Amino acid sequence: MNDPFTTAKGGLTGNGLAMTVEREDIDLNRGTEEQEGFVKAVREYFEKVFGTSDDVTFDDVKNKYIIPASRNQYVIGLTTSTMIKLSRYAPYEAMFHEAFHKLMEIVLAPNIREEFYKIYRDHNKGELTDRQVAEGLADMFVDYMTARTLPKDAKWYSKIFKWFRIAGCALGMCWKYGIRNTRKMYTVYQNMNSGYYAKNSKIYEENKKRFVE
Ligand SMILES: [Zn+2]
């Protein structure tokens, strides 16, 4: 079978967006049951957002990570033009990160992506590559999701702090990107989580071409 990870020009990271973490950030103690719980949570989230999780695959049970990237850096999540791959040991944030890549790089219309890329570039210093912008935007969504998400057994007071976290996240974004841009981003986030794109989107073939170098 044609494997986009290995056959594409530019190699694995050249062809996809790889999420790399340090060894300490991989939950090495995650047992079989917890791994299954993670797989289930990822599938449910992708089905809610995109209407399918058929393009999501998980690395072999024996592997803690997908591939070593460098010394003490390991790839635990990967988005390519055709699929998303996750380690079963990946932190939960990884699913939000990869889901956002899929949305921004594959599902949203090219002109909308360009708009978000421009907002990001206008408010972050330096000459940023497309890859850096894509990673920055995905991490912003992770911040948003982690501010909103609480474990099921959270104490009452953490619910109060959750409100502050959500407000803080929104304020931080407004401070940096302005109210108008923050509202635009939040609209995408909310559409994503409400399943809007699962019903109102198509895959743009021209988006896929950006992945091949
Ligand atoms: Zn990424």
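Modeller: One may begin at a strand pairing: the bridge partner of Glu-22 is Gln-73 in E4. This is a predicted model, in which local features need pLDDT of at least 70, side-chain atom pairs count only at pLDDT 80 or more, and totals for chains, interfaces and linings use all residues. Residues are numbered from 1 along each chain as its sequence is written.

Biologist: In which sense do E1 and E4 pair, and over how many bridges?

Modeller: The pairing of E1 with E4 (residues 73–79) is antiparallel and runs over six bridges. Two strands pair if DSSP finds at least two bridges between them.

Biologist: Is E1 enclosed or open?

Modeller: E1 is largely enclosed by the rest of the structure, because five of its six residues are buried. A residue is buried if 20 or more other C-beta atoms lie within 10 Å of its own, exposed if 12 or fewer, and partly exposed in between, with C-beta atoms placed from the backbone.

Biologist: What about Asn-72: where is it placed?

Modeller: Asn-72 is in the loop between strand E3 (67–70) and E4. Asn-72 counts as exposed, because it has 11 C-beta neighbours inside 10 Å. Its phi is positive, about 65°, although Asn-72 is not a glycine. Most residues other than glycine have a negative phi.

Biologist: A change of topic: how many helices and strands are in the chain?

Modeller: The protein chain has ten helices and five strands. Helices (H or I, at least four residues) and strands (E, at least two) are DSSP runs, numbered from the N terminus.

Biologist: Which residues of H6 are buried?

Modeller: Among them are Leu-137, Phe-141 and Tyr-144. The cover over the buried residues of H6 includes E1 (17–22), helix H4 (93–107) and helix H7 (156–177).

Biologist: Is Ala-134 buried or exposed?

Modeller: Ala-134, which lies in H6, counts as buried, because it has 22 C-beta neighbours inside 10 Å. Leaving aside neighbours within four places in sequence, Ala-134 is in contact with Leu-17, His-101, Met-104 and Glu-105. Two residues are in contact if their C-beta atoms, placed from the backbone, lie within 7 Å.
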